Amino acid sequence: MTKAALTGLYRTGAHRLLAPYTQGAGVIFTLNQVRPQQERSFAPNRGFEIAPEFLEAMLDQVDDVGLDIVSLDEAVRRLREDDARRFVCFTFDQGYRDLAHHAYPLFQRRSLPLTVYVATDYASGWGELWWLALEEVVGKAREIELCRQGGLWRLPNVTAYEKRRSFEQIYEWLRSVDEARQRQVIRALADTHEIDMSADCHALMMGWDDLRALAADPLVTIGAHSKAHYAISKLAPEKAISEMEGSANIIERELGTRPIHFSFPYGDETAARARDFALAKEAGFKTAVTTRRGVLFAAHRRYLTALPRVSLAGDYQSLTYTALYLSGAPFALSNRFREVSAA
Ligand SMILES: [Zn+2]
């Protein structure tokens, strides 16, 4: 839903009337980076960042409306046992270093649980944060040349408008091609424009020592987020299983506990589908989360490896929007009141 539609919905107050039907049993929020806002002229990935102050205000808001912030295990228990107390889960994808500095302390101070989904290549320091590498390339280059469908694709890249357009077009293309090709293209771009993806990975991602320190806190659940952060739906079944099961094996080896919760990389309809929900179960996960938008209903107890979440996006940092999310109304309207989407 657009901001205008959300604001319109809020003004009518309809979300309050709908809430008894649309709020469901609980909601899982997705967060990526949490860090103080920086003024940057070109920051196309800013949508994946929220400010610590906003997160703190949201924790207050959830408390004010009387919802419990619970772990994923407790959420599953409530779904299975028809426990009527509504809940909220906070989940963080990737394992960004700033989580330890800016988000975890907020939870620790209030003794609230959180989940961190770790992509093991990132924790090992060799993961490819390709969307950030692309941002760096587009930010510094004056022209970008790419081989696409056997031809040369040349993008002028000087003005702010051109840069925004280059990023969008290349990003969209790289999400559509197969995963091996995507990484090949980004490696070539990074090489040409002298960007060190492994330095980015070390600088931005928690390593195993950081994760061990975090995992020692019983408030923290460590989940798996694959090894190389590929869209699982695009992989052959053996490779998909190896990304899922393999990441659980590595986390178990490094942290001593086998993760039973999984988060699909990207997690949208193009990245995780029915086959993948079944594979996650086969790989031994109790739950798997997507980024399909929606709240949880009791019916989700039969679809625990296809759980919807609600992303807290950088451009939507307002307690008005989060009040709407907690009502479930925007998702009921966009999902046409269908509770479960697992196809
Ligand atoms: Zn991710």
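Modeller: Domain bounds here come from an automatic or database domain assignment. Keep in mind that this is a predicted model.

Biologist: Fine. Which domains does the assignment give for the protein chain?

Modeller: Domain 1 covers 3–127 + 205–334, and domain 2 covers 130–198.

Biologist: How far apart are their C-alpha centres?

Modeller: The centres of domain 1 and domain 2 lie 28 Å apart. Domain 1 puts 20 residues into the contact, and domain 2 puts in 17.

Biologist: How much area do domain 1 and domain 2 bury between them?

Modeller: About 1500 Å². Carbon and sulfur atoms account for 52% of it.

Biologist: And how many salt bridges between domain 1 and domain 2?

Modeller: Three. As for a specific salt bridge, Arg-175 pairs with Asp-268, with 3.4 Å between the closest N and O atoms.

Biologist: Switching to the metal. Which protein donors does the zinc ion have?

Modeller: Gln-94 through OE1, plus His-225 and His-229, each through NE2. These donors lie 2.1 to 2.2 Å from the zinc ion.

Biologist: How are the donor residues spaced in sequence?

Modeller: The pattern is Q-x130-H-x3-H.

Biologist: Where do Gln-94 and His-225 lie?

Modeller: Gln-94 is in strand β5 (residues 87–94), while His-225 is in the loop between β9 (220–224) and α12 (237–255). So this pair ties together parts that are 131 residues apart in sequence.

Notes. Residues numbered from 1 in each chain as written. Predicted model: local features only at pLDDT ≥ 70, side-chain atom pairs only at ≥ 80, totals over all residues. Heavy atoms only, no water. Contact = heavy atoms within 4.5 Å. Buried area = accessible area lost by both parts, 1.4 Å probe. Salt bridge = Lys/Arg side-chain N within 4 Å of Asp/Glu carboxyl O. Donors = N, O, S within 2.8 Å, 3.2 Å for Na, K, Ca; no water. Helix = DSSP H or I, 4+ residues; strand = E, 2+ residues; numbered from the N terminus.
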